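This report describes selected helices, their packing and a group of aromatic rings. The structure is shown first, and the description follows.

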Amino acid sequence: AHGTVTTVLGYSAAELGSAASPSGTTLFLTYSLTALVLSRPVLSALSPRRTLSLGFLLYLVYVSSYFVAVSFPPLSWAFVPGSFAGGAASGLLWPAQGAYYARAARASAERRGAAVEGELGRLAAGFAGRYLAAEAGLKGLATLVQLAGGSAAGRGLWLAYALAAAASTAAMLGVDELSEEDPGAAEPPPPLLKDAGAVAELLQDRRMLLLAPSQLALGWALAYVPAYLDGVVVPSVGGGAYIGALSASVVVAAALSTPVYSSLSSRLGPRGALSAGLGALLLCATAVLPVVGSSGTREGEGPV
């Protein structure tokens, strides 16, 4: 499900043009607000498995709305409410996923006679491998299909991705609840604004404010890549079909970089790893400047 969502996000600016801008804004704002205010109350009220199922269903709405927007241009506005659903899904899924992992680790540890911490690491490692492989594979597939069949094949691809999201949702509905393994299952839902208040208190710590530059840089990169790099630069150089392949390379690079950053953190401390990451973001911004200049893309415009 996540692979279909990130592939759609990568292609949205190139295929929908100006209609993608309000959609991206809606997606990220809804994600932030849902994670901050709604995620814990919903998780406590529904259980991790039910929250995951709800998130998958909202992902399905997001991917389906993209298929509608691309296939029927007069309905391109449908991607905006679809992005609202996608942002809410992201805000709900990550906390629910962590809670479900904890339940699964306890159940697996009891069954195997192993330590809970070890089982949690084993499950997380297995998830990470499948997660990255599926995301890279789906993005690469988008490039292959569009190169082979053009825009008509692309519309069929987005329909197939919507069906894949539907299959993921159906599969999630059949996952075991594991409710008996969670000692905190009976806790009442926290107040809606409790997490928001906790964030306000946390920001009073000056050390947290020092992290603001890195968070701002990350937020900038999350908007820059799909909106400009994928939406303008890549189509002007090699064609929009290559967005999937280039996005897949980002996933592969992230997987390969993880042990590098771990080593930097061990040798240089957290500051060394953080500085390297900020440098990589800066390189992302500057490395495309020669490409932009040679492609005929002018400031404030699309490809010419």
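## Helix packing and aromatic pairs

Helix α2 (residues 20-46) packs against helix α4 (residues 79-112) at an angle of about 35°, and their axes are 7 Å apart. Helices here are DSSP runs of H or I with at least four residues, numbered from the N terminus. Axes are lines fitted to C-alpha atoms over the stretch in contact, and angles run from 0 to 180 degrees between N-to-C directions. The crossing of α2 past α4 is right-handed, the near helix being turned clockwise from the far one by less than a right angle. The contact of α2 with α4 comprises 16 nonpolar, ten polar and no charged residues. Nonpolar covers Ala, Val, Leu, Ile, Met, Phe, Trp, Tyr, Cys and Pro, charged covers Asp, Glu, Lys and Arg, and polar covers the others, Gly among them.

The model is predicted: local features need pLDDT of at least 70 and side-chain atom pairs count only at pLDDT 80 or more, while totals for chains, interfaces and linings use all residues. Residues are numbered from 1 along each chain as its sequence is written, and side-chain values use heavy atoms, with hydrogens and water left out.

The spans of two helices are set out below; the expected span is 1.5 Å times one less than the number of residues.

| Helix | Residues | Span between end C-alpha atoms | Expected span |
|---|---|---|---|
| α4 | 34 residues | 46 Å | 50 Å |

Helix α4 bends by about 25° at Leu 93, and Pro 95 follows within four residues. The bend is the angle between axes fitted to the seven residues ending at a residue and the seven starting there. After α4 comes Gly 113, with a positive phi near 70°.

In α3, 18 of the 24 residues are buried, so this helix is largely enclosed by the rest of the structure. Buried means under 20% relative accessible area, with a 1.4 Å probe and protein chains only. Ser 47, in the loop between α2 and α3, has a positive phi near 90° although it is not glycine. Ser 47 is buried at 11% relative accessibility.

The whole structure holds five aromatic pairs, rings of Phe, Tyr and Trp (its six-membered ring) with centres within 6.5 Å; planes under 30 degrees apart count as stacked, over 60 as edge-to-face and the rest as tilted. Tyr 11 and Trp 158 form an edge-to-face pair, because their ring centres are 5.2 Å apart and their planes lie at 65°. Since Tyr 11 belongs to helix α1 (residues 2-16) and Trp 158 to helix α5 (residues 116-173), the pair ties together parts 147 residues apart in sequence. Tyr 11 is buried at 1% relative accessibility, and Trp 158 is buried with a relative accessible area of 1%. Ring pairs link Tyr 11, Tyr 62, Tyr 66, Phe 79, Trp 158 and Tyr 161 into a cluster.

Conventions:
Helices (H or I, at least four residues) and strands (E, at least two) are DSSP runs, numbered from the N terminus. Buried means under 20% relative accessible area, exposed over 50%, partly exposed in between (1.4 Å probe, protein chains only).
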